[in-house]
Amino acid sequence: MSLSRRQFLQFFGITTVSHSLDFAGIAPTINAASEIPTLIRGRVLHPASIYADPSLNVVPLQTIWANTIVDLQEAVPGWYRLAEGYV
């Protein structure tokens, strides 16, 4: 399998910072400088469907395209909850 330079840099970035993120229970964090609650954000690497429930047996509501930045509200085993639904 050959990777493009862009794909390599994406995977390198993901593996480099993934150890510092805790997705067991995504909750708003506090920005230490301003003490303002902030959400954990993610970047969509490939087009993904948004579902109303965390199940592939329901009809997708919409699609999120690659390179979209989203706010992650919660992590459910195998799913991430956004304001619009589950990915």
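A salt bridge, as I use the term here, is a side-chain nitrogen of Lys or Arg within 4 Å of a carboxyl oxygen of Asp or Glu. I am working on a predicted model, where local features need pLDDT of at least 70 and side-chain atom pairs count only at pLDDT 80 or more, while totals for chains, interfaces and linings use all residues. Residues are numbered from 1 along each chain as its sequence is written, and side-chain values use heavy atoms, with hydrogens and water left out.

**Entry 1: salt bridges**

I searched the whole structure and found two salt bridges. In one of them, Asp-71 pairs with Arg-41, and the closest N and O atoms are 2.8 Å apart. Asp-71 lies in strand E6 and Arg-41 in strand E3, so this pair ties together parts that are 30 residues apart in sequence. For strands and helices I take DSSP runs, numbered from the N terminus (helices: H or I, at least four residues; strands: E, at least two).

I then looked up accessibility, calling a residue buried under 20% relative accessible area, exposed over 50% and partly exposed in between (1.4 Å probe, protein chains only). Arg-41 is exposed at 57%, whereas Asp-71 is partly exposed at 31%. The other salt bridge joins Glu-74 to Arg-81, with 2.9 Å between the closest N and O atoms. Glu-74 is partly exposed at 31%, and Arg-81 is partly exposed too, at 27%.

**Entry 2: strands E3 and E6**

Which way do the side chains of E3 point? E3 pairs with E6 (residues 69–72) in the antiparallel sense, over four bridges; I count strands as paired if DSSP finds at least two bridges between them. Within E6, Val-70 is the bridge partner of Gly-42.

**Entry 3: the core**

Which residues make up the largest nonpolar core? I list seven: Ile-40, Val-44, Ile-50, Ile-64, Val-70, Leu-72 and Leu-82. My rule for a core is a set of buried Ala, Val, Leu, Ile, Met, Phe, Trp, Tyr and Cys residues joined through side-chain atoms within 4.5 Å. In soluble globular proteins, nonpolar side chains tend to be buried together.

Leaving aside neighbours within four places in sequence, its contacts (heavy atoms within 4.5 Å) include Pro-60, Ile-64, Leu-82 and Tyr-86.

Helix H1 spans residues 5–17 and holds Phe-11, which is partly exposed at 39% relative accessibility. Phe-11 belongs to a nonpolar surface patch with Leu-3, Phe-8, Leu-9, Phe-12 and Ile-14, about 570 Å² of accessible area together. Patch members have over 30% relative accessible area and no salt bridge; like charges are joined within 9 Å, nonpolar side chains (Val, Leu, Ile, Met, Phe, Trp, Tyr) within 5 Å.

Gln-10 is also in H1, but is buried at 14%. Beyond four places in sequence, Gln-10 touches Arg-43, Leu-45 and Asn-67. I looked up Asn-67 next: it sits in the loop between strand E5 (62–64) and E6. Asn-67 has a positive phi of about 70 degrees although it is not a glycine, and is partly exposed at 37%.

**Entry 4: the whole chain**

The chain has one helix and eight strands, and buried residues make up 18% of its 87 residues.

Conventions. Accessible areas come from the Shrake-Rupley method with a 1.4 Å probe; for residues, only the protein chains shown count as cover.
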